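Subject: Structure for your review

Dear colleague,

Please find below the sequence and structure that I am handing over to you. A summary of what was found follows.

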Amino acid sequence: MAGSEEREGVASCGDGAAGPGSSGCAIAGIVLTSLVLLGIAALAWVVESVKDPRRLENGSSLGPGGTAEYADGLSVTVSAPSREPDGSYRFTITYDNDADEPISPIGGSEDGVSQYEISHDPLIVRAGKRYGADAAAPGDLNWANDEQVARKLLPSLEEGESVTVPIHITDAKRGTPVTVEVEPQSAGYREGANWEFTLD
């Protein structure tokens with residue numbers, strides 16, 4: 001019968017026959033695969049966009065030589081301190097901006113650095129343990145070059161730029177705990193990081 005002959009000439013996607021419908025099945029498969037891949041890519045983009053770029057990726061509490069890494073590409077490294085022949089101590093802080101926007105390490109004022117715990121400035125170098133658990137009095141160390149550091153950190157860092165500042169501590173005894181607190185300034189809240197070490 002004519003109707004049965006017509007049905008015999010049509011291949012379904014599931015019968016494995018190489019009929020007129022086989023190319024259509026292949027195209028449908030390609031389209032479906034493309035849609036799945038696009039969906040996965042879109043989901044990854046949504047997840048990345050929801051992720052706060054100013055959050056730390058490796059925790060906020062670090063030790064000497066540690067690097068605070070932000071999701072947007074900014075990183076801050078505090079080196080281990082070294083004792084000088086005169087009994088003072090030196091270490092460095094490096095800001096490396098791989099973010100896609102300018103970063104102001106201490107904001108727009110030279111007052112953005114401090115050696116006092118309660119100041120909440122973008123850069124604090126003070127005696128005592130982190131979070132003020134048993135913070136030593138500010139007089140237990142003297143940040144000798146804070147004004148020079150502030151002037152060097154005042155300009156904004158463009159994408160791909162970095163700056164390293166030397167920190168000079170005087171009037172501190174061996175065994176004094178030191179905390180460095182950093183909260184780089186940007187267009188919005190940025191999570192703070194801190195480093196703790198003991199002067200040997």
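In soluble globular proteins, nonpolar side chains tend to be buried together.

I93 deserves a separate look. Leaving aside residues up to four places away in sequence, I93 touches V76, T77, V78, L123, V163, T164, V165, I167 and V180.

As for the overall fold, the protein has three helices and 11 strands. Read from the N terminus, the order of elements is α-α-β-β-β-β-β-β-β-β-α-β-β-β. Of the contacts between residues at least 6 apart in sequence, 57% join residues at least 24 apart.

The protein has 200 residues, of which 32% count as buried. Its accessible surface comes to about 11100 Å², and carbon and sulfur atoms account for 55% of that area.

How far does the confidence of the prediction reach? The mean pLDDT is 81, and 75% of the residues reach 70 or more. Two stretches should be read with this in mind. Over residues 4-11, pLDDT stays under 50, and the model has four contacts beyond four places in sequence for them. Over residues 44-50, pLDDT also stays under 50, with zero such contacts.

Yours sincerely

Terms used
Residues numbered from 1 in each chain as written. Predicted model: local features only at pLDDT ≥ 70, side-chain atom pairs only at ≥ 80, totals over all residues. Heavy atoms only, no water. Contact = heavy atoms within 4.5 Å. pLDDT = per-residue confidence, 0-100. Helix = DSSP H or I, 4+ residues; strand = E, 2+ residues; numbered from the N terminus. Buried < 20%, exposed > 50% of the residue type's maximum accessible area, 1.4 Å probe, protein only. Areas by Shrake-Rupley, 256 points an atom, 1.4 Å probe, with all protein chains shown as cover.
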